[in-house]
Protein chains: 2
Amino acid sequence: MMKAIILENNKLLLEEVEKPLRKSGESLVKVTMAGICNTDIELTKGYMDFSGIPGHEFVGVVEESDNKKLIGKRVVGEINAGCGKCDWCKKEMERHCPERTVLGILKHGGAFAEYLVLPDKNLFTLQEHVTDEEAVFTEPLAAALEIHEQINIGKNDSICVIGDGKLGILITLALSLTSKDVTILGRHTNKLSIAAQNGAKPFLGDNLNRRFDIVVEASGSPSGWKTAINLVKPRGIIVLKSTYSENLDFNPAPLVINEITLVGSRCGRFAPALYLLENRKINPKPLIQKTFSFDTFKDAFQLAQSKGALKIVLQFD
Amino acid sequence: MMKAIILENNKLLLEEVEKPLRKSGESLVKVTMAGICNTDIELTKGYMDFSGIPGHEFVGVVEESDNKKLIGKRVVGEINAGCGKCDWCKKEMERHCPERTVLGILKHGGAFAEYLVLPDKNLFTLQEHVTDEEAVFTEPLAAALEIHEQINIGKNDSICVIGDGKLGILITLALSLTSKDVTILGRHTNKLSIAAQNGAKPFLGDNLNRRFDIVVEASGSPSGWKTAINLVKPRGIIVLKSTYSENLDFNPAPLVINEITLVGSRCGRFAPALYLLENRKINPKPLIQKTFSFDTFKDAFQLAQSKGALKIVLQFD
């Protein structure tokens with residue numbers, strides 16, 4: 001048995017449940033740290049109709065595996081587990097396999113528990129100098145870096161990131177390594193200054209009289225969509241990073257008239273994210289607002305949902 | 001003075017008005033034929049808040065010009081007239097110049113009149129064997145070909161065009177020259193068979209159990225948007241060709257989760273369109289449903305607005 005946080009009927013409860021069953025080719029991982037993501041908050045509002053154990057940002061130690069080299073290793077893990085047979089899986093794009101499960105999001109018990117199970121090939125061993133507090137950002141940083149896999153970004157491209165939430169900040173830190181002209185729009189001076197670490201220009205509010213080659217919508221709010229359309233140049237690109245449960249109400253004519261390209265962007269590969277963390281190109285630690293023990297998860301979720309919250313992490317004994 | 005169809009307060013009236021004034025670098029063109037486009041219908045419903053002379057698909061003869069070589073020539077003309085100074089104009093992308101006027105759509109009297117004025121450099125002289133009935137399709141065919149300028153299309157890419165309206169048919173005819181796997185969804189067998197001329201597969205209805213690399217939304221209706229999202233593969237591309245006055249109500253999460261790219265697409269360059277018409281690669285003539293004289297424009301517009309209408313053209317004496 002193990003302790004786990006269960007989401008049922010939009011409520012979170014701490015319960016004793018069976019340990020997840022490890023199949024051949026999978027590892028059983030003892031979770032040491034887990035981050036609360038906005039997606040977890042959206043799940044509690046009904047997004048994805050998920051019930052079960054949420055949580056997909058984690059660091060852990062492999063306890064059981066057919067791959068003996070993994071046992072005892074500190075790891076992080078990619079959250080999409082594919083069928084292994086389809087064209088997507090063959091291209092190592094399990095994140096689009098139609099039969100995939102997604103850790104803590106889709107048909108796969110998540111990281112807010114003492115144990116989780118993932119395929120061996122999803123796991124990445126951590127270098128010793130990368131702390132748990134850094135490594136827990138691998139998943140959201142990979143999501144930030146996914147933008148690089150989808151569109152070409154030049155060092156002179158002007159970029160605007162909308163939203164100074166955790167993902168917006170990570171995206172800003174990452175894109176500032178490529179472009180010299182990154183602006184982040186937000187509502188919190190403390191967050192904006194974290195985002196500006198790598199040279200980005202912070203801007204309080206959204207009333208900016210400028211147009212950009214690339215706009216990244218990471219505000220997590222439908223209003224960010226309208227801001228994005230106002231800020232992008234004709235023939236420019238809007239990258240959509242936010243998922244939320246509400247509908248949008250909008251007229252698509254400006255997209256057509258100005259020939260805007262809109263790129264939906266979700267999870268990314270862990271390898272480039274780990275490279276940046278290992279080589280200290282990105283410092284995510286100022287993003288951690290508070291660490292809670294597993295037993296005080298209710299306080300943790302309450303703080304994570306409060307306005308302006310930064311990253312809240314759960315630590316396991 | 002000249003006869004012109006004027007749009008005012010969402011009504012069309014035939015009036016005697018001043019001929020448009022030709023500035024240096026512009027030509028005065030006597031219109032011989034003009035096509036009614038869905039955008040003209042949308043203008044009468046309030047789209048673009050346009051008042052004045054609509055009409056942007058035309059064939060004419062140059063009557064006055066500083067460029068003596070143009071005088072007496074049969075021409076078609078690109079509809080966007082730029083400031084000539086900005087970065088867009090320098091790249092020959094007047095269609096995105098922020099100061100542009102657009103023939104019959106934006107601050108520029110259009111082609112439903114005896115005369116129109118356009119910059120000399122917007123005009124393209126027609127080869128003798130290209131008839132007015134073919135040449136009047138240069139503008140919508142250029143809009144169809146714009147897709148080629150925005151995205152890469154391979155001969156094995158699967159493509160679905162939604163909508164068997166005039167633009168959907170032209171897009172299907174054009175894309176069938178590149179891809180061997182084009183499907184068109186529509187509601188009219190006669191139109192679908194015109195669209196299938198170059199090898200596309202027609203499909204009646206929208207209940208198609210297949211996913212495509214590229215989906216072109218050209219239905220002109222908000223329902224086409226939902227069909228497009230259902231028909232596109234993960235990581236696929238939706239090209240948005242329709243502009244309409246209504247808003248859309250939709251949840252963007254599927255775009256993000258499946259990492260869809262949405263590309264707004266509008267006007268295109270005339271040169272590739274004329275090349276296809278001159279070399280008989282595209283035969284648009286079956287698209288003409290009926291030709292009306294200028295004086296019977298009310299009947300022409302009524303028929304153009306009727307369900308299932310094909311291209312209606314106005315002919316001038």
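Predicted model: local features only at pLDDT ≥ 70, side-chain atom pairs only at ≥ 80, totals over all residues.
1. Residues are numbered from 1 along each chain as written, chains are lettered from A and ligands numbered from 1 in the order written, and side-chain values use heavy atoms, with hydrogens and water left out.

2. Chain A carries ten helices and 18 strands (DSSP runs: helices are H or I of at least four residues, strands E of at least two, numbered from the N terminus). Its C-alpha trace spans about 55 × 40 × 40 Å along the principal axes.

3. Of the 317 residues in chain A, 57% are buried (under 20% relative accessible area; exposed is over 50%, partly exposed in between; 1.4 Å probe, protein chains only).

4. Over all chains there are 34 salt bridges (a side-chain nitrogen of Lys or Arg within 4 Å of a carboxyl oxygen of Asp or Glu). One of them pairs Asp132(A) with Arg74(A), closest N and O atoms 2.6 Å apart. That pair links distant parts of the chain, helix H3 and strand E5, 58 residues apart. Asp132(A) is buried at 18%, while Arg74(A) is partly exposed at 22%.

5. Arg235(A) and Glu259(A) also form a salt bridge, with 3.0 Å between the closest N and O atoms. Arg235(A) sits in strand E14, and Glu259(A) in the loop between helix H8 and strand E16. Glu259(A) is buried at 1% relative accessibility, whereas Arg235(A) is partly exposed at 26%.
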